[in-house]
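Please read the following points with the coordinates open beside you.

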Amino acid sequence: MGSINFPAEEERMLKHWDETDAFQRQLELSKDDPPYVFYDGPPFATGTPHYGHLLASTIKDIIPRYWSMNGRYVERRFGWDTHGVPIEQIVDKELQEELGVRGRAAVEKVGIKEYNRRCREKVLTYAGEWRKVIGRLGRWIDFDRDYKTMDPSFMETCWWVFAQLHKKGLVYHGARVLPYSTALNTPLSKSEATEEYKDVQDPAVTVSFPVLPPNEQPEAVRQKVEEVLKAVGGDLNFVAWTTTPWTLPSNIALCAHPDYEYIVVHDIDSDKRYVMVEAGLKVLYKDPKKAKYKVLTKVKGKDLAGWRYKPIFNYFYDTFKDVGFRVLLDNYVKNDEGVGIVHQAPAFGEDDYNIGWREGTIDYDRPPPNPLNAGGEFTSEVPDFEGQHVKAADKNIIKWLEGQGRLVRKSQITHRYPYCPRSKTPLIQRAVPSWFIKVESIVPEMLDNLKQTHWVPQQVGMGRFHNWIAAAKDWNVSRNRYWGTPLPLWVSEDMKEVICVSSVAELKQLSGYEGEIKDLHPDSVDQITIPSQPGKGTLHRVPEVFDCWFESGSMPYASSHYPFSYPGYDPSDPDSGLSRTEGPGKALFAKYPGDFIAEGLDQTRGWFYTLSVLGTHLFNTFPYQNCVVNGIVLAEDGKKMSKSLRNFPDPMVVIEKYGSDALRLYLIDSPVVRGEPLRFSELGVKQIVSGVLLPLWNSYNFFAQQAALLKKNTGSDFVFDPEMQKSNENVMDRWILAATQSLLQYVNQEMEGYRLYTVVPRLLKVVDDTTNWYIRFNRNRLKGQTTSAKPTTNGVQTNGTSPETDGDSEEAIDTLHALNTLYEVLYTLVRALAPFIPFLSDNIFQRLAPHLPASITDGKDIRSVHFLRFPTVRQELFDPTVERRVSRMQKVIELGRLARERRTLSLKTPLKTLVVLHQSQEFLDDVKTLERYITEELNLRDLVLTSDESRYGIEHSVHADVKNLGQKFKKDAAKIKTALPKLSAAEIHGFLENGAITVQGHELSKEDLRVQRGLKQSPETANLEVVVDGDVMVLLDAFAYPALAQEGLAREVLNRVQRLRKRAGLVPTDDVRLVYAVLAPAASEEGEEGAANAEVARLDRERLVEEMFAQQEATIAKAASGKVLKVGEGDEGEAVEEEEAEVRDVRLLLRLLRV
């Protein structure tokens, strides 16, 4: 098989996997192995998978595949996050179109039962598309045994988890100022509220608050007020600056900083006197330098405490007249924006709320003014603006302030403002009655648990996640929504009696309900009531549902219906499931904590966090041991991928063009696996095809061709013999086999550390070593055409013959060694690559499998590479010496190629000499053992290996590390730098040997200086091309000597003639004559013109060959006696052997005649 269509072949493999039920078969084969537990974070099914999902899915496929091949049983179940806002938004949009209402109004109109029915109907809209895309990606995961957060079993476990926390006193009811979405009618968690910000324009107003006369002030401050009023000679006003005018109707206090110095400014134009910090003048006036004002006096912030002022609005005056409308003090007040005085509306600011509670302005019996309905519209408590949404009311409130003479200045401000990530509408801060789980009290335990987990990249876990935990606040776990798991709390009307239900059975027992409870959504359980235990009436369920993050955080337990479906569960024991060693816990802790989880960087504030909180509360452990965090996949322009902007290619189109293996490898071999962003590029996927997959396929294809040639020549199929390597002394064979063992050892080490970003480059290097080094350098051996001496592992050059061994027999064995080596490398590679590129690795394996011996296949299911174990390291094939030697050979060849490229000399142009300079004799000796490979690959006549730099006029120059010198030597750094060019050659050599040198009285080390080597320019060195890499320096004589081409061609022909002599069984004393013919190029153009061109090319080559035979007669005479003749020029005689061969782009017929 030649060319390959990777996507089509992948479709063929998918069909094969379906026919063999490969995933289930793999699970069956490993069912008795120790478990490896992988938790799959549930995605929403409200849209199709994007590249972020495909990246996460690839990671979640590679690691379970790897561990499955390493003798572990890895159950993989898909999960769905089915509750929450995304579903409700779809239904709300539908109801808006049908009924003209949405949100709470829509629920009230159609009823909660109908609303939730519609939600359930929409939940898995795209489940089929997910199954298709994830399956096409090659991910093996069980969709048939998936879990859904809306399953009654899952929801019941959520109840159980919450009940355990409630029993421990970790749940409380309170009000807290939280980010609030007026579009969704619900508060959000703080982490959700930080997901999306936009630059917006908002009104910025400065408002006056007249200070009451002394007789209306509290006695404690009356004297100070009189003193200041006397000093300023008139009325006085506090001023406050705000970007939320809609909060002013709820103002009940002002706040100043106790340590700031406040000034009283007399504004000449208005004849008003204002209290503010001096920095606030830039807010009060557009240009303070041109403004007409006078500073009358100054007063300390602490002296303003308790001063009373006239409210702007009187809506809440009666409630707060005795405790509010006064100045409070707190250090949160800043003077870098605003005027140094902050207006307080405790229901709409977290700091305002905390200060108001501390100062007694608000309490349980006197909650803060909160005159908004669920949709953010003013209620009848604020009649002047009733029914207006807060953002829309801003302009009317400003107009009202202007009319009342309370508006001092108005302007606009552009700032970053938080938006609801679901509804894309502005958030507000709002005090909301909510249910909380205590988190702040367990922060130390969580930080201890974090130390027990392994994170990749480590800095995400020990940096970003650590910091998030350290600053954790109590978790607002309730949501004022409808489609979700209901909080299992039944309460009395006065909230004094609270019962937390842990199971369906307990609910039935407490309520006396005798019907069947098949569903746990609000519409199914809200009508069930529980009699008050003290006899105070009836308890009803609270209206809230769980934050959907609570559900996903419960996934390790709820996905398997813990503890209810576990052996040993005792419904009569309220603590059943809490022990690690008895009851359900015994089975749970056999596979808990889980081994591995993976998601995107954003989940440090989401799923990773809620898993950790609940795990710590329940069992004082994180429910996972290893966490892999990927970065964000962006569009190629660096922006967020957007369907509306169409700034990224459709994932399925990319897969259909290049295949899933290419996409997987592109994503994994990128910065995104190190937690960094990736700018997705379709070209990058294409390059994986041409740079990795195609070379790997071509390597197999080349093997297949040579195995077919072997069968044609010998009549026998090639069968892999792993024991054959014991007698293999070929250095390239030993090298590629040793490199493969090093690869396996490295992959196992890094995969145990979950460092995919280090594994993939190493895998790709061995693919490159196989295709571009091993096969390239052993092509003739693999074809059975050994023509020249090659090094063995002891460095001895051998041409393959010995007195004891028949030449053809040894060549046949050498070919088998090469084929056996290539087979073992490919067989090892496809197993090592199987977790990463499951399609191509299985495709190639199934083609390699017929060559496996019975000793390997007996009792094994070899229908898929994924049924096999990961390859084990063969210790006997390790050879660090050979690996070192070949690595150094590769370095020299790469530098030689680079030197040729710089002089635009192709490898077809023979060159005379390459000089390799290195101070290590071991390096030079290593390169010497592989000299023939270097000279052949670089088309050189001579390779010179030396450490004598002076012989070639090598010059050294010393350069300073400016940053290092500056930090260490300060002012003296400049003197040192100036002295460096004056150092002698002897001094520089001494520095290179000792690593230290004294300059200007300061001792310098290798960190301070860099030594550069170069060639002294002269007419004698004009043809030398210099390349330096670290300690290695090469000098290439780039002059094209005409005679070299003939010498090279003569050597090749001589090798061919010697091979023909071997094949004919001739001994050195047998004389033969050589007859030749130059044939037309194999790939000739068709038609008369093509034939004419081919003949011209043939005649040109014939002239070159004639010249070569004439000038290299002495060389050819070593193998053939007498004059060399062309076919037809007196070639009478017995032909003993002949062959057609391509020698340096010349097609030759070579024939031996017996003399």
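Predicted model: local features only at pLDDT ≥ 70, side-chain atom pairs only at ≥ 80, totals over all residues.

1. Helix α27 itself spans residues 756–782 and deserves a look along its length, since its 27 residues place the end C-alpha atoms only 34 Å apart, whereas a straight helix would reach 39 Å at 1.5 Å a residue. A bend of about 50° is found in α27 at Ile775.

2. Helix α25 (residues 682–714) and helix α29 (residues 838–848) have axes that come within 11 Å and cross at roughly 0°; α25 and α29 are therefore roughly parallel to each other. On the α25 side the contact involves Leu693, Leu696, Trp697, Tyr700 and Phe703, which meet Leu840, Asn843, Ile844, Arg847 and Leu848 of α29. Of the residues in this contact of α25 with α29, eight are nonpolar, one is polar and one is charged.

3. Three strands form an open sheet in the order β15-β24-β23, and their pairing is parallel. The edges are β15 (454–456) and β23 (594–600), each of which pairs on one side only, and neighbouring strands are turned against each other by 15° on average, direction ignored.

4. Between β15 and strand β24 (residues 624–630), which run parallel, there are three bridges, and Trp455 stands opposite Cys627 of β24. Helix α3 (residues 51–69) packs on this sheet, where it touches β23 and β24, and the direction of α3 makes about 160° with that of β23.

Terms used. Residues numbered from 1 in each chain as written. Heavy atoms only, no water. Axes fitted to C-alpha atoms, helices over the stretch in contact; angles between N-to-C directions. Helix = DSSP H or I, 4+ residues; strand = E, 2+ residues; numbered from the N terminus. Parallel < 35°, antiparallel > 145°, perpendicular 65-115°, else oblique. Contact = heavy atoms within 4.5 Å. Nonpolar A, V, L, I, M, F, W, Y, C, P; charged D, E, K, R; others polar. Expected span 1.5 Å × (residues − 1). Bend = angle between axes of the 7 residues up to and from the residue. Pairing = 2+ DSSP bridges.
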